[in-house]
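The following exercises are to be worked through with the sequence and the model at hand. Each task is followed by a solution in steps.

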Amino acid sequence: MNGNRLKQLRKERGLTINQLHEITGISAPMIYKIEHDEKKIGLHTLIKLADYFDMSLDDLVGRERRKNGEY
């Protein structure tokens with residue numbers, strides 16, 4: 001996941017890093033590091049974020065299908 005993607009989603013919801021921390025339980029320093037591409041995200045964290053943003057993991061990480069429907 002690109003850190004800019006998380007930052008964009010967070011800002012679209014009008015949330016601060018601390019607010020996202022309170023909602024998801026992901027530490028604020030970890031969110032900061034993810035947003036600045038200083039930390040890779042584990043599957044457990046990705047799932048928490050996908051659940052909060054109500055999207056699939058593919059959508060969360062910005063994975064797009066080709067025109068033929070394949071990845």
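## Exercise 1: A charged pair

R10 is buried, and E35 is buried as well. The model is a predicted one.

**Task.** Determine how many salt bridges the structure holds, and describe the one that R10 forms.

**Solution.** 

Step 1. The structure holds two salt bridges.

Step 2. In one of them, R10 pairs with E35, and the closest N and O atoms are 2.6 Å apart. This pair links distant parts of the chain: R10 belongs to helix α1 (residues 3-12) and E35 to helix α3, 25 residues apart.

Step 3. The general principle is that side chains of opposite charge can pair when their charged atoms come close.

Step 4. Buried means under 20% relative accessible area. E35 has a relative accessibility of 4% and therefore counts as buried.

## Exercise 2: The surroundings of E35

**Task.** State in which helix E35 has its place, and which residues E35 is in contact with, leaving aside its neighbours within four places in sequence.

**Solution.** 

Step 1. Helix α3, which covers residues 28-35, contains E35.

Step 2. With the neighbours within four places in sequence set aside, the contacts of E35 are G3, N4, L6, K7, R10 and I17.

Step 3. With R10, the contact is also a polar one between the two side chains, at 2.6 Å.

## Exercise 3: A loop residue

**Task.** Locate H36, and find which backbone oxygen its side chain reaches.

**Solution.** 

Step 1. H36 is found in the loop between α3 and α4.

Step 2. The side chain of H36 reaches the backbone oxygen of Y32 at 2.8 Å.

Step 3. K7 and H36 are 29 residues apart in sequence, while their C-alpha atoms are 8.9 Å apart in space.

Step 4. The relative accessible area of H36 is 36%, so H36 is partly exposed.

## Exercise 4: The second salt bridge and a nonpolar patch

**Task.** Decide whether D58 and R63 are buried, partly exposed or exposed, and name the residues that make the nonpolar surface patch.

**Solution.** 

Step 1. D58 and R63 form a salt bridge, with 3.3 Å between the closest N and O atoms.

Step 2. D58 has a relative accessible area of 21% and is therefore partly exposed. R63, at 43% relative accessibility, also counts as partly exposed.

Step 3. L43, I47 and L57 make a nonpolar surface patch of about 250 Å².

Step 4. Of these residues, I47 lies in helix α4 (residues 43-53). Because its relative accessibility is 36%, I47 counts as partly exposed.

## Exercise 5: The chain as a whole

**Task.** How many helices and strands are there in the chain, and how does its radius of gyration relate to the globule rule?

**Solution.** 

Step 1. The chain has five helices and zero strands. Along the sequence, the pattern is α-α-α-α-α.

Step 2. The radius of gyration is 12 Å, close to the 11 Å that the globule rule gives for 71 residues, so the chain is as compact as a globular protein of that length.

Step 3. Along the principal axes, the C-alpha atoms fill a box of roughly 40 × 25 × 20 Å.

Step 4. Among contacts with a separation of 6 or more, 49% are between residues 24 or more positions apart.

Step 5. Of the 71 residues, 28% count as buried. The accessible surface of the chain is about 4900 Å², and 46% of this surface belongs to carbon and sulfur atoms.

Terms used. Residues are numbered from 1 along each chain as its sequence is written. This is a predicted model: local features need pLDDT of at least 70, side-chain atom pairs count only at pLDDT 80 or more; totals for chains, interfaces and linings use all residues. Side-chain values use heavy atoms; hydrogens and water are left out. Patches are made of residues with over 30% relative accessible area and no salt bridge: like charges are joined within 9 Å, nonpolar side chains (Val, Leu, Ile, Met, Phe, Trp, Tyr) within 5 Å. Accessible areas come from the Shrake-Rupley method with a 1.4 Å probe; for residues, only the protein chains shown count as cover. A salt bridge is a side-chain nitrogen of Lys or Arg within 4 Å of a carboxyl oxygen of Asp or Glu. Helices (H or I, at least four residues) and strands (E, at least two) are DSSP runs, numbered from the N terminus. Buried means under 20% relative accessible area, exposed over 50%, partly exposed in between (1.4 Å probe, protein chains only). The radius of gyration is taken over C-alpha atoms; the globule rule is 2.2 Å times the number of residues to the power 0.38. Contact means heavy atoms within 4.5 Å. A polar contact is a pair of N or O atoms within 3.5 Å; within protein, one must be able to donate a hydrogen and the other to accept it, and residues adjacent in sequence count only if both atoms are side-chain atoms.
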